[in-house]
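Subject: Structure handover

Hi,

Here is the structure I promised to pass on to you. Please open it alongside this note, and then read on for what turned up.

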Amino acid sequence: IDFEGPANGTELVGNEFAGVTISSSDKGVTHAGPTIFDSSKPGPNDAGADPDLLVNLGNVLILQNDAKTTQTTAGIFDEPDDEAGFGPTGKGHLLFTFDSPVEVQDITLIDLNGGAEVMIVLTDVLGNTLTYDLPDMWTNDVNACGFTCDGYAVFDLQTLGAQAGETGANNVAPAPVVVGAYDKFNVATLELTFEGGSPSAAVDNLNYVPEPGTALLLGLGLGVMAARRRRTH
C-alpha cells in the first residue's frame, strides 16, 4: 500500500485500500484520525506546518493533529499535519487489520526523530506476537538537514535482529520480542504506537503478500472464472 489515490488531507474512514482496514483506537481522543499527507516537494504542503514530512514519497499516512480539524470540503482537512503530542495519554495508535492472513514484509517510517519513538506489533491469527521498539532518531529530519538527507528509512518486519536506521541517525532498533509461536505467514494485524517526548511521525509503503493458502485459492478462483468465460464464447 503506497497510499496513493486519496487527495491531500483526506480523512480515512478505513476501507480506502483493498485487502485492509485502517483504523485507530484513540481517534477523537488524542488525534483526529488517520489522514493522507502529500509529502511532495514542491507540493501542496510546502507552506504548511510540517516541512519535516516533505520527503518526496508522494502520499504518506499520518495521524492528524487534533488542533487542526477544519474541513472546508467534507472529509478533507484544510491543513494536514501530524499530531505532535497525543494528549492526554502521550500515545497514538494506528491499526492495519487484514481481510485475510498475510505475510508482512516491511514499512517505510518517516520523521522518526526529535523525541519520536514507535512500537510495532504484528499479531498472527492465533494471537502470537512480534514486537519491535524503535528509538528516537531512527531516521533523520529532512527539514533540519536542509533536505540533503532522506528523512525516512525502510524497516524490515521479518528480521529477528537489530536494525540500523537512516545513515547519520544516532540509534539502532534492538532485536524484536517474540511471544508464542509467531507465524509470519499468517499475520492478522499490524499496529503502530507513536509515543515519546514529541511523537510526530508518518508511514508509507506497507508491503505484504497474501498467505500462501489464500494466494492459491485466489489463483484457483481466477482460473475457474477464466474457464467459465471461455466456455461462454
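Which residues have the most contacts inside the largest nonpolar core? They are Phe96, Leu109, Ile120, Leu122, Phe155, Leu190 and Leu192, in a core of 37 residues. Please keep in mind that this is a predicted model. Two or more core residues come from each of β1, β3, β4, β5 (117-124), β6, β7, β11 (187-195) and β12 (202-210). Strand β4 gives the largest share, with seven residues.

Leaving aside residues up to four places away in sequence, leucine 109 touches Ile120, Leu134, Trp138, Thr139, Gly151, Tyr152, Ala153, Phe155, Leu192, Ala202 and Val203. A separate core of nine residues lies apart from the largest one, and includes Leu53, Val55, Ile62 and Ala202.

Now to the rings. The whole structure holds four aromatic pairs. One of them joins phenylalanine 3 and phenylalanine 17: the ring centres are 5.5 Å apart and the planes stand at 90°, so this pair is edge-to-face. Both residues sit in the segment before β1 (20-23), 14 residues apart. Phenylalanine 3 counts as buried because its relative accessibility is 0%, and phenylalanine 17, at 11%, is buried too.

Tryptophan 138 and phenylalanine 155 also make an edge-to-face pair, with 5.3 Å from centre to centre and 70° between the planes. Since tryptophan 138 is in the loop between β6 (129-134) and β7 (152-156) while phenylalanine 155 is in strand β7, the pair ties together parts 17 residues apart in sequence. Tryptophan 138 is buried, at 0% relative accessibility, and phenylalanine 155 is buried with a relative accessible area of 0%. Ring pairs join Tyr132, Trp138 and Phe155 into a cluster.

There is a charge over a ring as well: lysine 41 lies over the face of phenylalanine 147, 4.6 Å from the ring centre.

Finally, is proline 88 buried or exposed? Proline 88 counts as exposed, because its relative accessibility is 73%. Proline 88 belongs to the loop between β3 (59-63) and β4 (92-110). Not counting residues up to four places away in sequence, proline 88 touches Val29 and Thr30. From proline 88 to threonine 30 the C-alpha to C-alpha distance is 6.5 Å, although the two are 58 residues apart in sequence.

Conventions: Residues are numbered from 1 along each chain as its sequence is written. This is a predicted model: local features need pLDDT of at least 70, side-chain atom pairs count only at pLDDT 80 or more; totals for chains, interfaces and linings use all residues. Side-chain values use heavy atoms; hydrogens and water are left out. Helices (H or I, at least four residues) and strands (E, at least two) are DSSP runs, numbered from the N terminus. Buried means under 20% relative accessible area, exposed over 50%, partly exposed in between (1.4 Å probe, protein chains only). Contact means heavy atoms within 4.5 Å. Rings of Phe, Tyr and Trp (its six-membered ring) pair if their centres lie within 6.5 Å; planes under 30 degrees apart count as stacked, over 60 as edge-to-face and the rest as tilted. A charge sits over a ring if NZ of Lys or CZ of Arg is within 6 Å of the ring centre and within 35 degrees of the ring normal. A nonpolar core is a set of buried Ala, Val, Leu, Ile, Met, Phe, Trp, Tyr and Cys residues joined through side-chain atoms within 4.5 Å.
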